[in-house]
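Here is a short note on the aromatic contacts. Please read it with the model open.

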Amino acid sequence: MGVRGLQGFVGSTCPHICTVVNFKELAEHHRNKHPGCTPTIVVDAMCCLRYWYTPESWICGGQWREYFSALRDFVKTFTAVGIKLIFFFDGTVEQGKRDEWVKRRLKNNREISRIFHYIKSHKEQPGRNMFFVPSGLAIFTRFALKTLGQETLCSLQEADYEVASYGLQNNCLGILGEDTDYLIYDTCPYFSIGDLCLESLNTVMLCREKLCESLDISLADLPLLACLLGNDIIPEGMFESFRYKCLSSYTSVKENFDKKGNIILAVADHISKVLRLHQGEKKLEEMLPLGPNKALFYKGVASYLLPGQISPWFFQKPKGLITLDKQVVSMNSDPEYEQEVPMCTDPESKQGVPVCTDPETKQGVPVCTDPECKQGVLVCTDPESKQGVPMCTDPESKQGVPVCIDPESKQGLPLGADPEFELEAPMCTDPAVKQQDLMNMEPEVKQVTMVSDPEILKVARAQHVQAESYLVYNIMSSGEIECSNTLEDALDQALPSQAFVYRPVRQRVYSLLLGDGRDGTSTCPTVKEWFVYSGNPLRHPDLVRPLQMNIPGGTPNLKLLWLNQEPGIQGRRLDALLGCFDLSSSREELQAVENPFKALCCLLIYLFVQVDTLCLEDLHAFIAQVLCLQGKSTVQLADLQLDYIDPRAVQLASLLVRGLTTLVLVNSACGFPWRMSDFMPWNVFDGKLFHQKYLQAEKGYTVEALVEQNRSRLTKFHTLKSVVCKACVKENRRIISRQLWRSHQPGRWGRQGSGSHRTSSGYSRAGQGQHWRDQGPGNRQYEPDHWRRYSSSSG
């Protein structure tokens with residue numbers, strides 16, 4: 001994350017840039033300087049996840065009660081000294097950073113392989129040096145913070161830009177995170193989460209002014225330096241030869257500095273002594289070896305410019321416009337800055353059409369400009385109609401296709417979402433801090449969307465910004481979603497990846513949100529999925545088509561589900577949710593289950609229907625842990641000791657937690673028929689407790705022993721088990737004991753990774769999508785073909 005080599009440089013070469021500060025003292029100073037203004041810290045939450053996750057156990061699926069308690073303590077500590085926290089989460093992965101995202105995911109895959117190798121060798125959790133955040137941590141942290149009454153926001157672009165913008169525009173005390181990009185942005189002070197001592201509220205402030213002083217450059221030079229060193233947009237190798245040329249001509253090489261430190265000094269020296277001589281007179285491409293990477297480099301530099309800021313490194317003729325990825329991108333974020341754009345006058349309309357001239361092709365490209373955002377969007381002019389039609393160019397087909405334009409993208413939207421979509425916990429708002437429209441923080445461009453209804457898009461966007469939904473707006477706006485790594489054993493052929501298990505659910509959600517094209521009025525949409533699973537090189541997204549839903553009374557439209565408050569609509573919302581899991585036939589049984597077990601039962605039925613390698617002992621462990629969890633304190637859960645760690649239990653826990661995130665998606669898409677709190681993991685899942693119950697079930701413990709000899713739990717256990725088993729029988733799925741399976745299938749549950757686990761099935765469920773074993777990696781289109789459930793040969 002951030003600028004290559006800069007973190008190490010600051011720590012070793014320029015330690016004076018780092019100053020120990022105390023948040024309590026800073027807050028007092030801020031209040032004296034700005035009476036009536038609450039000291040506010042903007043938190044880059046994604047940078048803080050590792051810091052916040054303090055429970056000792058992380059391998060078993062997450063110690064969610066302990067984690068929730070740690071978050072509560074974190075918030076209380078700052079609140080006690082009068083500091084307000086605003087939390088930002090990444091809401092999307094920008095296309096320019098996709099390669100870097102893929103690179104990190106593949107690296108994580110290698111780390112996960114090492115983790116499972118260690119577990120199998122030592123039967124214990126690896127040390128903290130191999131720590132991997134539990135699956136779903138970022139998603140559930142959003143809801144945990146909202147439950148704690150904190151203002152929690154989800155970005156519409158990379159979160160670091162919105163964090164820096166919010167901090168600058170709202171006169172914030174500072175930014176709390178761990179990303180050297182915050183040293184590059186010209187914004188409020190940057191504080192390190194990694195160096196934070198919560199007891200004393202001491203941390204380290206990294207001063208960009210002192211960095212500039214050490215490098216003999218100005219604040220306006222930092223974006224240029226960052227791109228020449230390499231960041232999330234500019235690959236590190238792009239200017240490697242240039243950096244070495246700078247190093248070879250650098251006369252002040254410090255022998256006691258490392259090579260990377262000297263390279264940073266040499267590049268900064270070249271900026272101050274060579275490039276600055278021609279600043280404003282020559283274009284960057286005339287002074288730097290940009291070659292074919294010119295547009296990408298300009299984009300990288302511009303990505304650090306916050307609203308109202310300009311760069312002295314942009315040659316101002318023509319004023320601030322370049323072409324990039326078939327879009328016109330402004331190099332100037334100053335709203336007062338007027339751009340002079342060549343006009344192409346259409347003799348039919350008598351109106352001027354702005355044209356951006358591509359310096360490479362010398363051809364004018366028609367641009368539709370929005371007077372509010374001062375930026376252009378490509379328009380394909382139809383010679384027949386003489387009207388501009390917004391076009392989206394598909395990199396696969398190389399052809400432009402008509403798209404819908406989101407009218408909400410060009411106008412402000414208040415941060416406060418419709419109260420009907422709020423979580424149970426109220427938002428904590430401070431009138432002293434001005435609430436800014438997030439869209440004022442970004443270089444705006446009209447948003448190409450998959451859905452044309454502006455009212456529905458407005459609701460989806462508001463819920464997204466307020467971190468009240470998950471993936472819904474991404475699906476509806478860009479048709480592209482991603483899911484990071486999960487603790488899954490690549491060598492275990494018996495358990496499928498969560499990416500495949502829950503894909504049919506996602507496909508039905510796509511049908512609900514986008515339509516399935518079966519009405520004949522539209523083409524069937526395709527969603528791009530960047531999901532990490534074994535064997536997927538992530539060179540291309542998986543192209544996944546919607547799956548037709550089977551809902552009694554037909555599939556309801558989104559206006560009915562999201563906006564209608566008439567009595568009985570909540571029942572339609574529940575019908576839609578169960579339809580996404582293809583469990584409409586189990587509606588009555590599930591309705592009879594008490595909270596918070598209802599949602600978990602739904603998930604267990606779906607899992608056991610889809611994955612036949614799950615057995616009765618697994619079901620016993622899942623049910624016993626959720627029942628026992630209700631009676632245990634955070635301290636009791638923390639004190640649990642496990643005999644050993646089982647790799648299969650680790651993967652089962654991850655599979656269940658990813659199912660809970662899928663429930664968040666479905667519940668959001670269906671208009672919230674269930675309370676979100678019912679499938680927050682701190683209410684229904686504990687990793688160590690599940691692992692304990694799994695090991696006990698494997699050893700043949702009785703049901704009474706699994707529920708710790710508690711009569712009330714025993715009654716509930718049999719009720720929940722009956723609901724799951726009866727629902728599975730309706731789907732021709734009989735859950736049997738692993739002991740019985742072993743007697744019929746010698747070796748079937750033998751060494752993990754054995755090829756004998758790959759059995760085929762003649763059984764099929766019509767319209768259920770592809771079976772997980774048939775879903776391979778790469779740019780393959782996944783049609784709603786017959787779903788073949790993975791069935792054992794014993795039937």
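1. Rings of Phe, Tyr and Trp (its six-membered ring) are paired if their centres lie within 6.5 Å; planes under 30 degrees apart are stacked, over 60 edge-to-face, and the rest tilted. The structure holds 25 aromatic pairs. This is a predicted model: local features need pLDDT of at least 70, side-chain atom pairs count only at pLDDT 80 or more, and totals for chains, interfaces and linings use all residues. Residues are numbered from 1 along each chain as its sequence is written, and side-chain values use heavy atoms, leaving out hydrogens and water.

2. Take Phe 23 and Phe 191. Their ring centres are 4.9 Å apart and their planes are at 75 degrees, so the pair is edge-to-face. Phe 23 is in helix H2 (residues 23-33) and Phe 191 in strand E6 (residues 190-192), 168 residues apart. Helices (H or I, at least four residues) and strands (E, at least two) are DSSP runs, numbered from the N terminus.

3. Buried means under 20% relative accessible area, exposed over 50%, and partly exposed in between (1.4 Å probe, protein chains only).

4. Trp 58 and Phe 131 are also edge-to-face, with centres 5.6 Å apart and planes at 80 degrees. Trp 58 lies in the loop between helix H3 (45-52) and helix H4 (64-80). Phe 131 lies in the loop between helix H5 (98-122) and helix H6 (137-147). The pair ties together parts 73 residues apart in sequence. Trp 58 and Phe 131 are buried.

5. Ring pairs link Phe 23 and Phe 191 into a cluster with Tyr 51, Trp 52, Phe 74, Phe 78 and Phe 87.
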